[in-house]
Amino acid sequence: MEQSRIAHSIGIALDRFIKNNQGQFQYASGELSQLLRDIALASKVVNREVNKAGLIDIMGALGSQNSAGDDQQKLDVLANIRFTRALTKGGEVCALISEETESYVDLNNKGKYVIAIDPLDGSSNIDVNVSIGTIFSIYRRKSPEGTPIRDEDILQKGSEQVAAGYILYGSSTMLVYTTGHGVNGFTYEPTLGEYFLSHPDQKMPEDGKIFSVNEGPAASFPASVEKYLQYCKKDGSYTARYIGSLVADFHRNMLKGGIYIYPGTAKNPQGKLRLMYECNALSFIAEQAGGLASDGKNRILDIQPKALHQRTPFYVGSKKMVEKAKSFD
Ligand code: AHM
Ligand code: MG
């Protein structure tokens, strides 16, 4: 009792929170905790670079190099380098799946964990000073440590995640994660360089009034999505909010109650979003917060991935809204 009161005290630093809650994890050996700390550390570096984005651009335009003498890189590539470096040094991860690399990257054969990451999501917003995010899913490898990575280690269902989270680089920077025992959100304090618990045991409102859909390609949406959108617009009681950064749209809907939909379209019949490093993590978090995530028919977490960069239609958010959207099928 006392332990859980301390563990959930608003204002507790992320490191201490991870340590206090380590015992909740079935295989508690400290490695998952270290892995979460590695991600948090890399996210601070990325946050610093995101905050300097405009300046980097100016310097980039002058053809300058950074302090290490490297040519200036695009932020999403840079973020991939930062996370890969942190996870390589940490040693807990055997294989890394990233939006930025065609096939998975072998990190450390002895590592127990596999990570799928979108290092910087929201590419259309990176250059225009609008919120962007990092999304990550963590799995335990299935093959014995020290042996070569197998497909079964990489292509795991979302229901097998042992932890997942996101970092939102917004008006403030937040790290939100779950290890399957609820969802906790931490806000970054830049002058102290530390995340502090600000949103303990987050719950998504059961119902909501926000729908987040890019209706540009609506002419090729499935009829069921069209009907649901008409339903949302029927009496003016719903409101549309769409940032175009999945993490930011998801985060707002989790706090306020809402639904995010990216259905199949003529351009992307399977939707635009990637199952392994965009949808699975947010689906795990949504369910842990009392929400739902579906491809319109099936639970996202039950989909068996067949390829690293597989796409899926994505409906995520407040339970009643996702159920309602599915009911038009
Ligand atoms: P990205 O991985 O290239 O950044 O694409 C993913 C992003 C999501 O963050 C966002 O929800 C979606 O693409 C927006 O797509 P659109 O511009 O088609 O509305
Ligand atoms: Mg992405």
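Guide: A backbone N or O atom of Gly 122 lies 2.8 Å from an oxygen atom of ligand 1, a polar contact being a pair of N or O atoms within 3.5 Å. A polar backbone atom of Leu 246 is 2.7 Å from an oxygen atom of ligand 1, and an N or O atom in the side chain of Tyr 260 is 2.7 Å from an oxygen atom of the ligand. Taken alone, ligand 1 exposes 470 Å², of which the protein buries 84% (Shrake-Rupley areas, 1.4 Å probe).

The model is predicted: local features need pLDDT of at least 70 and side-chain atom pairs pLDDT 80 or more, whereas totals for chains, interfaces and linings use all residues. Residues are numbered from 1 along each chain as written, chains are lettered from A and ligands numbered from 1 in written order, and side-chain values use heavy atoms, without hydrogens and water.

Ligand 1 is surrounded by 15 residues (a heavy atom within 4 Å); Asp 121, Ser 123, Tyr 242, Tyr 260 and Tyr 262 are the closest. Strand S3 (113–121) and strand S11 (258–262) each supply at least two residues of this shell (strands are DSSP E runs of at least two residues, numbered from the N terminus).

Key: A polar contact is a pair of N or O atoms within 3.5 Å; within protein, one must be able to donate a hydrogen and the other to accept it, and residues adjacent in sequence count only if both atoms are side-chain atoms. Helices (H or I, at least four residues) and strands (E, at least two) are DSSP runs, numbered from the N terminus.
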